[in-house]
Amino acid sequence: MRSTNAPEALAALRARLALPVVVAPMFLVSGPELVLAACRSGVIGAFPAPNARTLEILDQWMGRISRELGSVAPGGTSPAPWAQNLVAHSSYERLDGELELVDRYRPPLVITALGSPRAALEVVHGYGGIVIADVNSVQHARKAAAAGVDGLALVCAGAGGHTGRMSPFAFVAEVREFFDGLIIVAGGIGNGRGIHAAEQLGADLVSMGTRFIVAEESLAVAEYKRMVVAADCEDLVLTSAFSGADAYYLRQSIERAGYDPASLTPKPGMDLTGAQAKIRAWKDVWSAGQGVGQVSAIEPLALIVARLRREYEAARAA
Ligand SMILES: Cc1cc2nc3c(=O)[nH]c(=O)nc-3n(C[C@H](O)[C@H](O)[C@H](O)COP(=O)(O)O)c2cc1C
């Protein structure tokens, strides 16, 4: 299946990046500072639209990002493109208003999650942008490819936030059989060797969330960042109790919020009606993926990217 922008636009996209990395959109973690720092470091920065509490705030954030990334100082290098992450779930009420802002500010990439990318496709292809759908199964990948997306972000087992269940080995191989557009692998990638390994599997880019929660520019509170630094895989609890879909959470944050990690009640199905009012669950109970053990310090995003780049180049040279 051929996507509309493949392959020239996708090759041009890769050429603009210092590393084949998306700093993944993260609920309550990614804001304009993280996006700007990512793009200025040569990797794609993204934030979920619901992180802006109101459409007015979203308008300000998107306006600021497009303005600041659009003005390159004479002699300066062009920043990497940015991505707007949209919740496309049928119960999410703000999508129409968010799509109007997408049409106004024209983020070069739009990443849809939790639902059909169709509404976004019409708007984003209208101005020549790239649409990527987050998917966590081959069935969803087929549907999104048939809808005409330019790229698929394969959310694999071990991802932070809502995790997938598939191994990237199997997932990339199956999707490559019917999709020749951009493939992004997400889940559990914590270092430059992992980025290179994903390329070996046939992916074009990787999406890394957990590795960047601790960036100084992220919106995560200091205690969350310290918990991520201290944690490893053994500290993760997989449950649907908080959002209605499987996600990994830091055990210590569950206990701190007053729950017993051993007796959580699974919640069947997601409902994002009034999502802005339901923020507390994610605010108090903190998610991280299986790459959490690779995170050892709170530091500026540029330093994290510089280290990933050294690790990636060393892996390639080896
Ligand atoms: C705290 C947290 C919040 C997340 N929130 C979102 C979100 O709002 N929208 C989304 O599409 N993905 C979200 N994700 C998933 C990321 O975009 C990405 O797929 C994931 O972080 C990749 O796995 P990794 O964390 O193991 O690197 C979230 C991930 C984390 C860790």
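**Close-up views of a predicted model**

**View 1. Helices α8 and α13 cross in a right-handed sense.** The model shown here, and in every view below, is predicted. Helix α8 spans residues 192–201, and helix α13 spans residues 301–317. Their axes lie 7 Å apart. The packing angle is about 50 degrees. That value makes α8 oblique to α13. On the α8 side, the contact is made by G192, R193, I195, H196 and E199. They meet L308, E311, Y312, A315 and R316 of α13. Sorted by class, this contact holds 4 nonpolar, 2 polar and 4 charged residues.

**View 2. Helices α4 and α5 pack at roughly 20 degrees.** Helix α4 covers residues 95–105, and helix α5 covers residues 118–126. The two axes come within 9 Å. Angles under 35 degrees count as roughly parallel. Helices α4 and α5 are therefore roughly parallel to each other. The crossing of α4 past α5 is right-handed. From α4, the contact residues are L99, V102 and D103. Their partners in α5 are A119, A120, V123 and V124.

**View 3. Helices α2 and α3 pack with their axes 10 Å apart.** Residues 32–40 form helix α2, and residues 55–70 form helix α3. The angle between them is about 20 degrees. That makes α2 roughly parallel to α3. The crossing of α2 and α3 is right-handed. Helix α2 contributes P32, E33, V35, L36, C39 and R40 to the contact. Helix α3 contributes W61, R64, I65, E68 and L69. By class, the contact of α2 with α3 comprises 7 nonpolar, no polar and 4 charged residues.

**View 4. The ligand is surrounded by 21 residues.** The closest are P25, F27, G188, G209 and T210. Two of these names, P25 and F27, return in the next view for their backbone atoms.

Key: Residues numbered from 1 in each chain as written. Predicted model: local features only at pLDDT ≥ 70, side-chain atom pairs only at ≥ 80, totals over all residues. Heavy atoms only, no water. Axes fitted to C-alpha atoms, helices over the stretch in contact; angles between N-to-C directions. Helix = DSSP H or I, 4+ residues; strand = E, 2+ residues; numbered from the N terminus. Parallel < 35°, antiparallel > 145°, perpendicular 65-115°, else oblique. Left-handed = near helix turned anticlockwise from the far one by under 90°. Contact = heavy atoms within 4.5 Å. Nonpolar A, V, L, I, M, F, W, Y, C, P; charged D, E, K, R; others polar. Near = heavy atom within 4 Å. Polar contact = N/O pair within 3.5 Å; in protein donor to acceptor, adjacent residues only side chain to side chain.
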